[in-house]
Amino acid sequence: MAGPYVISYWQPVSRVSGHKGQSYPSAQLFYNGEKIMSTRRRGAKDGSGTPRKNKDDYVLLSDETGGEVKGGLAHDPNSGHVVEFVSPSLGKRWRFRVEHMRKQFEMGLGGASGLTGFTNRVSGKEVGEVQYEGRALSEQVLLAEVIAQWRIWIVFGIGMLNWSKNYLTGLVGAG
């Protein structure tokens, strides 16, 4: 969240034969609680790195690597991201910089797979308008092709311990 803006971005990467490695983004941009745009289109770039003229709304995501806070797993060497929302139909563009400020958790799942969570500083705006700053949470996940059953139970078990703690605290507090 940066001022009146809230952004949401999700980009799963396919492992399905014939589409392996292809990403499928989903991005939403809100202003004062109202959706401005949402898209599942990635901005296509020409050879110079400039987005091609496109009539549909799209999103661009790029990694930043110059910051100090990074994940320790092999799949997440970035220190943040730049997310750009482009709406040719509205004739507008918004740019947000997400900078990792603190690593909140990290869980390796074997090999290079695992997940890392960050708290972030976000700055962004509609291009040409007032810049806003705020805070965000983000996660980066790379799952193995196959996850051992016992690892699934550990992750599930950690979640259940938290649920149980909250349940018991509620019972004790109610009495």
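Biologist: Which residues is P12 in contact with, leaving aside its neighbours within four places in sequence?
Modeller: In this predicted model, P12 is in contact with Q22, S23 and Y24, once those neighbours are set aside.

Biologist: And where is P12 found?
Modeller: P12 is in the loop between strand 1 and strand 2, where strand 2 covers 26–31. On P12 and S26, the two are 14 residues apart in sequence, and their C-alpha atoms are 8.8 Å apart in space.

Biologist: Is P12 buried or partly exposed?
Modeller: Partly exposed, with a relative accessible area of 30% for P12.

Biologist: OK, what about another loop residue, S113? Where does S113 lie?
Modeller: S113 lies in the loop between strand 6 and strand 7.

Biologist: Buried or exposed, that S113?
Modeller: Buried: the relative accessible area of S113 is 5%. That falls under the 20% cut-off, so S113 counts as buried.

Biologist: What is S113 in contact with, apart from neighbours within four places in sequence?
Modeller: L73, G108, L142, L143 and A144 are the residues S113 contacts.

Biologist: Let's zoom out. How many helices and strands does the protein have?
Modeller: The secondary structure comes to one helix and eight strands. Going from the N terminus, the order is β-β-β-β-β-β-β-β-α.

Biologist: What share of the residues counts as buried?
Modeller: 27% of the 175 residues. As for contacts, take those between residues at least 6 apart in sequence: 44% of them join residues at least 24 apart.

Biologist: Which strand gives the most to the lining?
Modeller: Strand 8, with eight residues.

Biologist: How does the lining divide into nonpolar, polar and charged?
Modeller: The lining of the largest pocket has 16 nonpolar residues, ten polar and six charged.

Biologist: Charges, then. How many salt bridges does a search of the whole structure find?
Modeller: Eight. One of them joins the side chains of R41 and D56, at 3.3 Å from N to O. R41 and D56 are 15 residues apart, both in the loop between strand 3 (34–39) and strand 4, and the pair links distant parts of the chain.

Biologist: How accessible are R41 and D56?
Modeller: R41 is partly exposed at 45% relative accessible area. D56 is partly exposed as well, with 29% relative accessibility.

Biologist: What does E84 form a salt bridge with?
Modeller: R95, and the closest N and O atoms of that pair are 3.8 Å apart. E84 sits in strand 5 and R95 in strand 6 (residues 92–108), eleven residues apart, so this is a pair that links distant parts of the chain.

Biologist: Is E84 buried or exposed? And how about R95?
Modeller: E84 counts as buried at 16% relative accessibility, whereas R95 is partly exposed at 41%.

Biologist: What about R135, which side chain does it meet in a salt bridge?
Modeller: E133, with 3.5 Å from N to O. R135 counts as exposed at 54% relative accessibility, while E133 counts as partly exposed at 48%.

Biologist: Which residues do salt bridges that share partners join into one network?
Modeller: E64, R97, E99 and R121.

Biologist: Last one, E126. Which strand does E126 lie in?
Modeller: Strand 7, which covers residues 114–126. E126 is buried yet has no salt bridge.

Biologist: What's the nearest side chain of opposite charge to E126, and how far away?
Modeller: K92, 4.0 Å away.

Biologist: And which residues does E126 touch, not counting those up to four places away in sequence?
Modeller: Y5, K92, R93 and W94. K92 is therefore among the residues E126 touches, as contact means heavy atoms within 4.5 Å.

Conventions
Residues numbered from 1 in each chain as written. Predicted model: local features only at pLDDT ≥ 70, side-chain atom pairs only at ≥ 80, totals over all residues. Heavy atoms only, no water. Helix = DSSP H or I, 4+ residues; strand = E, 2+ residues; numbered from the N terminus. Buried < 20%, exposed > 50% of the residue type's maximum accessible area, 1.4 Å probe, protein only. Lys, Arg positive; Asp, Glu negative; His and termini not counted. Nonpolar A, V, L, I, M, F, W, Y, C, P; charged D, E, K, R; others polar.
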